[in-house]
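Hi there,

Here is the structure I promised to pass on. Have a look at it first, and my notes follow below.

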Amino acid sequence: MAKELLEPLELRGRTVIADRGYDAQHFVDYIHSRGGFAAIPTRKIVKVQRHVPQELYRKRHRVENLFLKLKNHRRLATRY
C-alpha cells in the first residue's frame, strides 16, 4: 500500500521518512529508483544496518506523537 501512496508524488530530490516497519529492501530500492532518499532505519535483527540521520528520525517521531494525541483526544478531532 505504501507504494500506491507514493505513486502520484514527485520523489526526485525528496526524503521519505518512515518507521522500521517499512524497511523492506524492495521498498527502499523503489524510493531510490524514483530519485528519492529513504530515511528508514532497519530492524534490529538485520545484520547490515542502514544509517539514518537522527534529526530526520526525530521529526518523524514528532509527527507520530501528534497523531497519537489527536487519536487520544478524539472529541477534539471529530464531532459526533
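Helices here are DSSP runs of H or I with at least four residues, strands are runs of E with at least two, and both are numbered from the N terminus. Arg60 counts as buried because its relative accessibility is 14%; buried means under 20% relative accessible area, exposed over 50%, and partly exposed in between, with a 1.4 Å probe and protein chains only. Leaving aside residues up to four places away in sequence, Arg60 touches Ile17, Ala18 and Asp19, where a contact means heavy atoms within 4.5 Å.

Please keep in mind that this is a predicted model, in which local features need pLDDT of at least 70, side-chain atom pairs count only at pLDDT 80 or more, and totals for chains, interfaces and linings use all residues. Residues are numbered from 1 along each chain as its sequence is written, and side-chain values use heavy atoms, with hydrogens and water left out.

How confident is the predictor? The mean pLDDT of the chain is 87, and 92% of its residues reach 70 or more; pLDDT is the predictor's confidence in each residue, from 0 to 100. Confidence is highest in helix H2 (residues 25-33), at a mean of 94, and lowest in helix H4 (residues 74-77), at 64.

Back in helix H3, you will also find Arg62. Is Arg62 buried or exposed? Arg62 is exposed, with a relative accessible area of 68%. Arg62 is 35 residues from Phe27 in sequence, and their C-alpha atoms are 23 Å apart in space.

Now for the chain as a whole. It has 4 helices and 2 strands, in the order α-β-α-β-α-α from the N terminus on. The radius of gyration is 15 Å, well over the 12 Å that the globule rule gives for 80 residues, so the chain is more spread out than a compact globule. That radius is taken over C-alpha atoms, and the rule is 2.2 Å times the number of residues to the power 0.38. The C-alpha trace spans about 45 × 30 × 20 Å along its principal axes, and 22% of the 80 residues count as buried.

Last, the charges: there are 18 positive and 8 negative side chains, and the centres of the two sets lie 8 Å apart. Lys and Arg count as positive and Asp and Glu as negative, without His and the chain ends; each charge is placed at NZ of Lys, CZ of Arg, CG of Asp or CD of Glu.

Best wishes
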